[in-house]
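Here is a short briefing to read alongside the model. It covers a helix pair, the nonpolar cores and some backbone details.

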Amino acid sequence: MKILTLNFLTCAVKACKSSAASYPLHPQEVELAKDEMEYNPQAMLNFLLRLDWAALRMTATELGFATLPEEMPTAEDLQQDELKMRQLHELLLETHVVSGKLVCGNCGHEYGIKEGIANFLLPSHLV
Amino acid sequence: MKESMKDINGKGDFLIRFGQAHESFRLAEIEALARIAGVELEVVSYSPSVKKTSINSSSQTPFTHVRLPSVSSAKQIISRSILAQSVHELWGQGDSLSLLHDDVRKSSSHLFARYEQATFRFSVDSFQGSRTKKEQVDLINGFSFVGFEGPIRMKDPEETFTIFEEWEFDPYRTSSRQEGGKGKKSNAVINRSSSTEPKKLYLGRLISHSSRYLITQFDLKKRAYISTTSMDAELALVTANVSLAAPGKLFYDPFVGTGGFPLAAANFGALVFGSDIDGRALRGTAGWTGGTLKPEERCLRGNFEQYGLKGRLGDVWVADLANSPVRTGRGERWLDGIICDPPYGVREGLRILGHRNPPADPSPQVDENGVEKHKKPDFIPPKRPYSFHLMLHDILQFSFATLVDSGRLSFWMPTANDDDLEIPVPSHPGMHVVSVCTQPFNKWSRRLITYRRRSALEMEGETLRKDFEEYMAQMDEARRKERDVREGGGRQADELNPFRKAYFSTERRRIVEEARETMTPALGKLEFKYPDLAGTALESRGEEKSLYAEVLNYVNYVVLYYLYKIERVVVVMDGGRVAEDESPREDLAAKEDSSLAKLLAEERAVGSLKEK
Ligand SMILES: [Zn+2]
């Protein structure tokens, strides 16, 4: 699961949706890997504004990447700074969780990740 | 022809030549492509099919006259089209050859000099008619007044001019031509009892061919990994076009299966995501066959690798749309497009997570050693039947909550052709219906319905707020009903699924009988059509008798399946291997033998009762 995707997902439990503590999910016991992705500045500028930057910083920090600035870079910044853009590309799209779990900070439910694929199916007492 | 092109300012006239299938999808696709190109499209003439549910498309004209700002915009639009074959600069049109000549002289003589020295060729494209070689040459020579002096090149000319003819549909002419036999093109013997001249003619200069070649490139037969529910390549690509897939956009399929829709969207440049309640499809452990592939290649990711699109595959995860982990109501909406063919459970009934009858005690279930069952690695979450309407609502509501303004949702939905059983297009106050395309079959149809997410600006105002409240109240009511049906105990999935109910109760027996009748003679041909399948069957089963039974079963299965989900080619026979970790979405491969046998037994029983 890519770092980018982690920013778009939260706990699947309905009761957690309104709780601030349920987002972002906390990656634990993770094994990370890097896979090449198409470098696509157009896509990046497109989704940049849709990111929750604070959540992204939290995820990055928890995974040991502490280099994200406090403020989200603007599209203009990035367009002028290809290096920055490529770093973001590497972090968001190429770095991914191969195995581990994602833990909800509200209900504590753990979602397993196997072979890069997270499982969000809930046991019936949480549906 | 009265229409002239001389007084059109800043816009050019073009003729789109469509392929022969999927008429009701054509304009939706072209309009979507014009939107992607940011170009204003004006459709000057297009006659829709006589009957919207007619599967006889032979009377449908494949020619559409449009106006576009420039040659380059025409090229931009049609070069991505799946349903068009080509686009041509329109030099003239007329209801007869002489009127066409007049119109070309009148409207396009200012263009003649521009192509005077170019290498060129002329060709003739007769729709519902055909011309002998000599007739073609005569037709072409009739245009010598354009005065081209450049050399004629049959191969790779700089310019191609095409004379298009549209003939009245004449079944006698068509059949007499077909009787000429395959491979032998009968040019000479054409019966023109009812019409001796085409009813409409055009002359066009070729601007661009379309992307129809992608249909072959993405053909399911050549795809590494497909399932019983894979959408055929042509319609998956059309779906991606209609939903405005384009470079830099983020697309998502919540019922992703083996990834047919995201593949199509990725091909057009989108970064794609998907999820499925059945993780085996994503991981490739579904037991679905992909020919000679190694297990590790038989997965969704493998398909993206096959087409060189892995760099556009965002992520896939296992989830149920009714309990989705995608964030909503927090942060920005992030999807540009949602495309899917939801599992309507025509055969098995639709299922989502949860108990049919929820236990009174809502705490986690515990095994005999006090371990919570859901924490064990072999835990299989229970699934329960679900309502067709509620699922559609879930999709619409989810799309409303996750799509950016003007983002599109395109999904497929079956419906019966019978007016009484027709299922209305689902509505949502925040989602505007852009197009409804219908692919008709004999007794039912499936539709591709496309919505645009309304912007906040569009939705301000009291009326809309009221619409929303009303809508939500309706959905609450529907949920209550669904719970009542479910907890009322023992009732069929049919109660929840109007399509399934209507379809099975009225059509099932007739279809099985018809299928058996029509397909049994085709048994021998099966071997040619599905060589892998026949081979597998021969190798894995020793006895001829059981092979015959299996093939017969398979034929019934294929026919039934074609009738339900036409053209999603099923190449699964030895599909009984079900992974242990999760129960499948539609246990087709696994259950087919037994459920089909049961179905057939039922049919026989009904049949014999009737005879008595
Ligand atoms: Zn939670």
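Helices (H or I, at least four residues) and strands (E, at least two) are DSSP runs, numbered from the N terminus. This is a predicted model, in which local features need pLDDT of at least 70, side-chain atom pairs count only at pLDDT 80 or more, and totals for chains, interfaces and linings use all residues. Side-chain values use heavy atoms, leaving out hydrogens and water.

**Backbone details**
- Most residues other than glycine have a negative phi, and most peptide bonds are trans.
- A:Glu29, in strand β1 of chain A, has a positive phi near 50°.
- B:His22 also has a positive phi, near 55°, and lies in the loop between β1 (12-18) and α1 (23-37) of chain B.
- With 13% relative accessible area, B:His22 is buried (buried is under 20%, exposed over 50%, partly exposed in between, with a 1.4 Å probe and protein chains only).

**Nonpolar cores**
- A nonpolar core is a set of buried Ala, Val, Leu, Ile, Met, Phe, Trp, Tyr and Cys residues joined through side-chain atoms within 4.5 Å.
- The largest one has 70 residues, and A:Phe47 and A:Phe120 have the most contacts inside it.
- Helix α11 (residues 388-402) of chain B gives the largest share of this core, eight residues.
- A second, separate core has 58 residues, including B:Ala28 and B:Ile277.

Terms used
Residues numbered from 1 in each chain as written. Chains lettered and ligands numbered in written order.
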